[in-house]
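Colleague: I would like to go through the labels used for this chain and hear the grounds for each. Please show it first.

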Amino acid sequence: MIPHLAARIFLAEENEFYLAEDMITDVEKHMVENDMTIENICNFLQDKN
């Protein structure tokens, strides 16, 4: 078995969290797996806004 990094992004609503599938797809499409740290993912998403 080879370990595989996977990004999981959850967004909060008033009383629950939900999986942000569109954001995850975007991150996985545009970032190299070895660069997927919390800091890099946050920076990537902030730069998109």
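Colleague: Where is aspartate 26 placed?

Modeller: Aspartate 26 sits in helix H1. Bear in mind that this is a predicted model.

Colleague: Why is aspartate 26 called buried?

Modeller: Its relative accessibility is 17%. Buried means under 20%, so aspartate 26 counts as buried.

Colleague: What makes the pairing of aspartate 26 with lysine 48 a salt bridge?

Modeller: The closest N and O atoms of aspartate 26 and lysine 48 are 3.0 Å apart. The rule asks for a side-chain nitrogen of Lys or Arg within 4 Å of a carboxyl oxygen of Asp or Glu, so aspartate 26 and lysine 48 form a salt bridge. Aspartate 26 lies in helix H1 and lysine 48 in helix H2, so the pair ties together parts 22 residues apart in sequence.

Colleague: Is lysine 48 buried or partly exposed, and how do you know?

Modeller: Lysine 48 has a relative accessible area of 47%.

Colleague: How many salt bridges does the rule give?

Modeller: Two. Besides the pair of aspartate 26 and lysine 48, the side chains of glutamate 28 and arginine 8 meet in a salt bridge at 3.8 Å, N to O. Glutamate 28 lies in helix H1 and arginine 8 in the segment before E1, so this pair ties together parts 20 residues apart in sequence.

Colleague: Why do glutamate 28 and arginine 8 get their accessibility labels?

Modeller: Arginine 8 has a relative accessible area of 52%; exposed means over 50%, so arginine 8 is exposed. Glutamate 28, at 39%, counts as partly exposed.

Colleague: What makes up the largest nonpolar core?

Modeller: Ala7, Ile9, Ala20, Ile24, Val27, Met31, Met36, Ile41, Phe44 and Leu45, 10 residues in all. To be called a core, such residues must be buried and joined through side-chain atoms within 4.5 Å. Helix H1 (21–30) and helix H2 (38–48) each supply at least two of its residues, and the largest share, three residues, comes from H2.

Colleague: Which residues is isoleucine 9 in contact with?

Modeller: Leaving aside neighbours within four places in sequence, isoleucine 9 is in contact with Tyr18, Leu19, Ala20, Met23, Ile24, Val27, Ile41 and Leu45.

Colleague: Which residues form a nonpolar patch on the surface?

Modeller: Phe10, Phe17 and Leu19, with about 340 Å² of accessible area together. Membership needs over 30% relative accessible area and side chains joined within 5 Å. Phenylalanine 10 is found in strand E1 (residues 10–12).

Colleague: And the chain as a whole: what pattern does it follow?

Modeller: Read along the sequence, β-β-α-α, with two helices and two strands. Buried residues make up 22% of the 49 residues. The chain exposes about 4,500 Å², of which carbon and sulfur atoms supply 52%.

Definitions and conventions: Residues numbered from 1 in each chain as written. Predicted model: local features only at pLDDT ≥ 70, side-chain atom pairs only at ≥ 80, totals over all residues. Heavy atoms only, no water. Buried < 20%, exposed > 50% of the residue type's maximum accessible area, 1.4 Å probe, protein only. Helix = DSSP H or I, 4+ residues; strand = E, 2+ residues; numbered from the N terminus. Contact = heavy atoms within 4.5 Å. Patch = residues over 30% accessible without salt bridge, like charges linked within 9 Å, V, L, I, M, F, W, Y side chains within 5 Å. Areas by Shrake-Rupley, 256 points an atom, 1.4 Å probe, with all protein chains shown as cover.
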